[in-house]
Amino acid sequence: MSTAFKAADILLPQGKSSEDLSKWAVVACDQYTSEPEYWEDVKDIVGDEKSALNLILPEVYLESSDVDERIEKIHRTMEEYVNSDTFKEYKNSMVYVERIQSDGELRAGIVGAIDLEQYNYEKGSKSPVRATEATVVERIPPRIKVRNGAPIELPHIMILIDDTDKTVVEPLAEKKDSFEKVYDFDLMKNGGHISGYIVDEKSQENIISALEKLGDIDSFNAKYGLDEKYPLVYAMGDGNHSLATAKEYYEEQKRLDPDKDMTNAPCRYALVEIVNLHSPALKFEAIHRIVTDVDVEKLLAEMVLELDLAQDESKQKITVVEKGVHKDMYIHNPTSKLTVGSLQNFLDMYTKECGGKIDYIHGADVVDELSKKENSVGFLLPDMGKEELFPTVICDGALPRKTFSMGHAEDKRFYVEARKIR
């Protein structure tokens, strides 16, 4: 089977100045979901200009009363943009992207198409493209409404490759000056800067060849010390539910016309950016837990029994936070390769049986404050090492939800490219 990543017919906004492009590109729709004021501000910045904002549904509005009208308007605007001179299409192309993040770090990637036939988001999947955390299927239908009837897609999906030797993305940096530069502009609202280059044909061949080597099963097993039959080459970084939506839409089209040859059907593919897991710009940060409305003493007593939680050191360390006071504890009966997995498995079981609510918190200082409330307890988790991602997904099937955060909201993908899906 050939590698799941390939060139695509990529649409880029044309005839726009850097200032216009700054209004065109907006951050991923699944960001700032509890901050409608962010999206209202973006709307004010864009004004009456043509923008990707008019082609997406920010998820802050997903449950609004006028969501169906919003989706209809998105589809109309897509048709308008496609049928005018808004886009230039680059046939059979890949875009080499250099993103300067808000922290000044450079994150490089390649935009192309991923084959949905080689992707399965279910836990335990052995497909070359896999989800890294549990997919909440209830989140898919509202997104299919947007994709169903849409003539184009815009990607905020970032897929990670475990390319230790830096053979896929990194070689393009020294060649970029020979490529056609297709955009170079500042992103709005502290998003940093982005540049894009059309990858030449020879470099595309080198990319595919390097990806095929990553998927060689003998090399794969030697790398991870495993005896697997199928390699994991592409692990989801961001946009898990968007790729799952594309997959479900494609499967739906197959069911509607089972005799149709879908080999080259546009809906068989999704536009994504692949990024090397080992990019210095990618930083994994732990997401901590706070449990509220719970009998703290009972919960901790149960934890001691179930997880053999003690102060004697072991590989899996958590910090229990009561009333702002920290206490390091160690799990001696783990139920997952990761500390967060052992903790999450226990908390899910306990809250299901005894009640309580789990919240997911990014900052340790926030956990300290929230733990001071009555009937609340916090758990601080260690940052997950990048080197743990692929082995854990391979062995455990998927990470527990909210295992790690990969960068701040303003550094998530911004919509620049698009692609026809029908």
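Two strands are taken to pair if DSSP finds at least two bridges between them, where strands (E, at least two residues) and helices (H or I, at least four) are DSSP runs numbered from the N terminus. By that rule, strand E15 (residues 288-292) and strand E20 (residues 377-380) pair in the antiparallel sense over three bridges. This is a predicted model, in which local features need pLDDT of at least 70 and side-chain atom pairs count only at pLDDT 80 or more, while totals for chains, interfaces and linings use all residues. Residues are numbered from 1 along each chain as its sequence is written, and side-chain values use heavy atoms, with hydrogens and water left out.

**Sheet and packed helix**
- E15 and E20 belong to an open, antiparallel sheet of six strands in the order E16-E18-E17-E20-E15-E19.
- Strand E16 (309-310) and strand E19 (357-361) stand at the edges with a single partner strand each, so one side of each has no neighbour in the sheet.
- Helix H8 (residues 296-307) packs on this sheet and touches E15, E16, E17, E18 and E20, contact meaning heavy atoms within 4.5 Å.

**Arg-147**
- Arg-147, found in helix H4 (residues 141-147), counts as buried at 10% relative accessibility, buried meaning under 20% relative accessible area with a 1.4 Å probe and protein chains only.
- Leaving aside residues up to four places away in sequence, Arg-147 touches Glu-153, Thr-245, Ala-246, Tyr-249, Tyr-269 and Ile-421.

**Whole chain**
- The chain has eleven helices and 22 strands, and 53% of its 422 residues count as buried.
- Its C-alpha trace spans about 65 × 50 × 50 Å along the principal axes.

Note on methods
Axes are lines fitted to C-alpha atoms, for helices over the stretch in contact, and angles run from 0 to 180 degrees between N-to-C directions. Buried means under 20% relative accessible area, exposed over 50%, partly exposed in between (1.4 Å probe, protein chains only).
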